[in-house]
There are 4 protein chains.
Amino acid sequence: MTTEHLGASRRLGSGIARSEPDRITVRDLDLATELMGIANLGDMAFLELLGRMPSGDESIVFNAMLVALVEHGVTPNTLAARLTYLGAPESLQGAVAAGIVGLGSVFVGTIEGAARMLQEAMAEASDGDLESLADRIVAGHRTRGELVPGLGHPLHKPADPRTARLFELAQAHDLSGQYVELMNRIRREAERQSGRVLPINVTGAVGALAGELGMPWQIARGLGLIARTVGIVAHISEEMTQPMAGEVWRYAEGLTVDDAR
Amino acid sequence: MTTEHLGASRRLGSGIARSEPDRITVRDLDLATELMGIANLGDMAFLELLGRMPSGDESIVFNAMLVALVEHGVTPNTLAARLTYLGAPESLQGAVAAGIVGLGSVFVGTIEGAARMLQEAMAEASDGDLESLADRIVAGHRTRGELVPGLGHPLHKPADPRTARLFELAQAHDLSGQYVELMNRIRREAERQSGRVLPINVTGAVGALAGELGMPWQIARGLGLIARTVGIVAHISEEMTQPMAGEVWRYAEGLTVDDAR
Amino acid sequence: MTTEHLGASRRLGSGIARSEPDRITVRDLDLATELMGIANLGDMAFLELLGRMPSGDESIVFNAMLVALVEHGVTPNTLAARLTYLGAPESLQGAVAAGIVGLGSVFVGTIEGAARMLQEAMAEASDGDLESLADRIVAGHRTRGELVPGLGHPLHKPADPRTARLFELAQAHDLSGQYVELMNRIRREAERQSGRVLPINVTGAVGALAGELGMPWQIARGLGLIARTVGIVAHISEEMTQPMAGEVWRYAEGLTVDDAR
Amino acid sequence: MTTEHLGASRRLGSGIARSEPDRITVRDLDLATELMGIANLGDMAFLELLGRMPSGDESIVFNAMLVALVEHGVTPNTLAARLTYLGAPESLQGAVAAGIVGLGSVFVGTIEGAARMLQEAMAEASDGDLESLADRIVAGHRTRGELVPGLGHPLHKPADPRTARLFELAQAHDLSGQYVELMNRIRREAERQSGRVLPINVTGAVGALAGELGMPWQIARGLGLIARTVGIVAHISEEMTQPMAGEVWRYAEGLTVDDAR
């Protein structure tokens, strides 16, 4: 067993950071002298996820992607966080975790869906004919009865203001390439085939830009989780001084009693 | 019931953000035109939590506080996230939540303890004699048999390199005031009374700077939760290509079998 | 390092269960032949937590304790579970986890508080004079401005029907001893000193009976977590066919819009 | 808005339980007098999920299904719970939630997969020819390159002792019908087509019996979540007196340091 475990040990271990008494390095950069005071939180996320510091252009676009995702007002998951805080105010981390665990397939998870759709299509496309690629992708979704991830929004119609701004920033900073182009074509194709107004929503825009930055689709949802954690903490903070959870609870309970008559 | 609910409704609602079809505002700033491309993720967290944009000085110090907290290598909570991913790889958000829920009293929670200690002391102190305040705080903890939050580190001795850098940045950007001063005095007093080396660790430094920035201690732990979410996503990302969780599991299981002989 | 880890390995491992290809044992009982079809789920929980099968009397009282805790209608934590399911319907386990993480100090956690109060008091009491012990406990809480855990209920007044039934069952099955007696005296003393009606609620009753069964207070909250998981799954199941979360969300959002006028 | 909300209110509310000051009913049964002391925890789960009390036969089989799922020794999710407890010992509910959130597609989630496969097949099968149905199901999975849920086990070969016992109990209590029959035929067909030994594991057996009991596949995973919560609490309880998490952490960290040389 000893040998086996030692053998196994060679495969183990994290390559992200290293600590010594007077020095911490993250991705081989000195945390105190090369990151703190120099990198902002978005840059640090870029370094953690992609293994290198962003360029100036990348920093602006990547921070904008995260900033766009931070806040969405009263949502099911921030309500879940507030209700959890009501029952366990001693554990801020529990309320935040409750707010994160609901960021699944319906809301933030569509970042992953959009990033995956684009990255898998680009990997398979040999000829670079984006128009026919967009056509096939949309037709495929329609045949399977699936929504195209990253398209459509109940409120932000005919356009999501965050998408326009993200694509404008990407353009200005030389980060608008094939993924953005394909996403735009998919949108036009989807509107043509469905006859409906289908704006690229913020998760579709972030999913496309993840491709431009070389971020694998498997972790694209993580951008939403990082950004939304900021928003969740802010909503719990607001709940501390302007509570809403108790009233929401009484509302749901009251209706129950009402129904029972 | 109608009346009651309408009455109640006046107290409800979040003041953080507002959405219209073509416009989202956060703390009364236009998300697309006044924040995206301008604010970085740390600035956005400052805005969310404190209700206003940081000054240039505040932006640098606040981002440095968050950057300092992002990454701590292999920790119990990142291991929990990796093990969760092993069982539920389809739900990235679940693995992240598992990594957050362990950020309690032992690790990141000490930010809250340090911020609270300092803010409650400053609120009670009428005369501003920080030296006798530090003396009373340390003596109080010793009498109650409690550790002083924010002091001591198993590895980073005699000084935590992040603390030195944070306090240096605070000094350079005019954000080093009474809270930092009191924390430094508490440290000296604790070392004197205990005869031990007790560096201010990164959670003590962040706790002190939370006071300088006017951030209530009740949400100071949230800074650690926001920053660590970045690190948790990075560790899960690493787990996808360099898995460790299965080996950790087999190790624990193997020893169990071994013990059973 | 090898030696150190082998040395360490002697301390590791779980003693709860053991698996062989054709046999699983839990606490040294054969799962297939000695537990399945014989023990009910409550008995199994008793075995897991206390290391032995319950007697017939213990089985009835312990199952009743758990049954009493399963269901509380629409509560903040079941609402959190429903809202989480709305966003991540593909991950039932995430919605259940969100429902559990809110069972903190305000609701189910009071089981722990009551069990701890009673067990610490009984451990310190040398003379067995329960009357003066109850007096001191209540006075201590009043001096510290704390509520006595396990007393009081917003709806179930002047008595909690579950408490009466639990204490009746404990009496009938020879499991009503010093802990129940002390809890009753604490209740009377609290009512006398406060002049208010303070029924022993279900968490106070379960906390007292945990003492009778020899269950350490440190895991008493676990009884609530086990029982409430049943209720949480049921509420998510109801949400699948009679959804409430979307309406609760729109209500909270609608009021937000309303306030904004 | 008033009208809309009142209209909406008619759809809201939970039908599971109702509370009055001196009476709580669950599924129209009086909790104190008709359930506590009479129903065991498994019966209560049956009532919560299926809306009626189980018969004597159903009670034995359903409790056995849950008992079979409670305990699996050291698993990734119990390790995650132990590691979470290490960081947040003040929040038992957080450690339990961390243990639950990892019960996804790889482990307990296969109950859902098996139940769904059987229930969808039975719903489509008009002629009741189970043999050709099993053939088509297995061939379909092989064509799509998917594993058949509920088959195969790394340790319990050639048979899972829990499955044999569950099917024996179902037979003895008149609850072995078409779902069990189909699962058995799928297993034989899968072994024939693959040439491998593929026992029905405990999640496949529970998935089949969920069909026999009329439980929709959408909540079948919930049985695993309920049962495993019992096991998770027991493992955290063991961690309190025989800790393993710190050593597991040091092992993973130590190897990291080792690798770095």
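## Exercises on helices and burial

In helix 5 of chain A, the buried residues are Pro76(A), Asn77(A), Thr78(A), Leu79(A), Ala80(A), Ala81(A), Arg82(A), Leu83(A), Thr84(A), Tyr85(A) and Gly87(A). Buried means under 20% relative accessible area, exposed over 50% and partly exposed in between, with a 1.4 Å probe and protein chains only; helices are DSSP runs (H or I, at least four residues) numbered from the N terminus.

This is a predicted model, in which local features need pLDDT of at least 70 and side-chain atom pairs count only at pLDDT 80 or more, while totals for chains, interfaces and linings use all residues. Residues are numbered from 1 along each chain, chains are lettered from A and ligands numbered from 1 in written order, and side-chain values use heavy atoms, without hydrogens and water.

**Exercise 1.** Describe the length and the covering of helix 5 of chain A.

*Solution.* Step 1: helix 5 of chain A covers residues 76-87, 12 residues in total. Step 3: 11 of the 12 residues are buried, and the helix is mostly covered.

**Exercise 2.** Classify the packing of helix 8 and helix 10 of chain A by angle.

*Solution.* Step 1: helix 8 (residues 130-144) and helix 10 (residues 178-194) of chain A have axes 8 Å apart and an angle of about 50 degrees. Step 2: helix 8 of chain A is therefore oblique to helix 10 of chain A, as angles under 35 degrees count as roughly parallel, over 145 as roughly antiparallel, 65 to 115 as roughly perpendicular and the rest as oblique. Step 3: among the residues making the contact (heavy atoms within 4.5 Å) are Leu130(A), Ile137(A) and Arg142(A) of helix 8 and Gln178(A), Ile186(A) and Ser194(A) of helix 10.

**Exercise 3.** Assign burial classes to Arg165(C) and Arg188(B).

*Solution.* Step 1: Arg165(C), in helix 9 (residues 161-172) of chain C, counts as buried because its relative accessibility is 15%. Step 2: leaving aside neighbours within four places in sequence, Arg165(C) contacts Ala32(D), Met36(D) and Gly37(D). Step 3: Arg188(B) lies in helix 10 (residues 178-194) of chain B and, at 49% relative accessibility, counts as partly exposed. Step 4: the C-alpha atoms of Arg188(B) and Glu71(B), 117 residues apart along the chain, are separated by 28 Å.

Methods: Helix = DSSP H or I, 4+ residues; strand = E, 2+ residues; numbered from the N terminus. Expected span 1.5 Å × (residues − 1). Axes fitted to C-alpha atoms, helices over the stretch in contact; angles between N-to-C directions.
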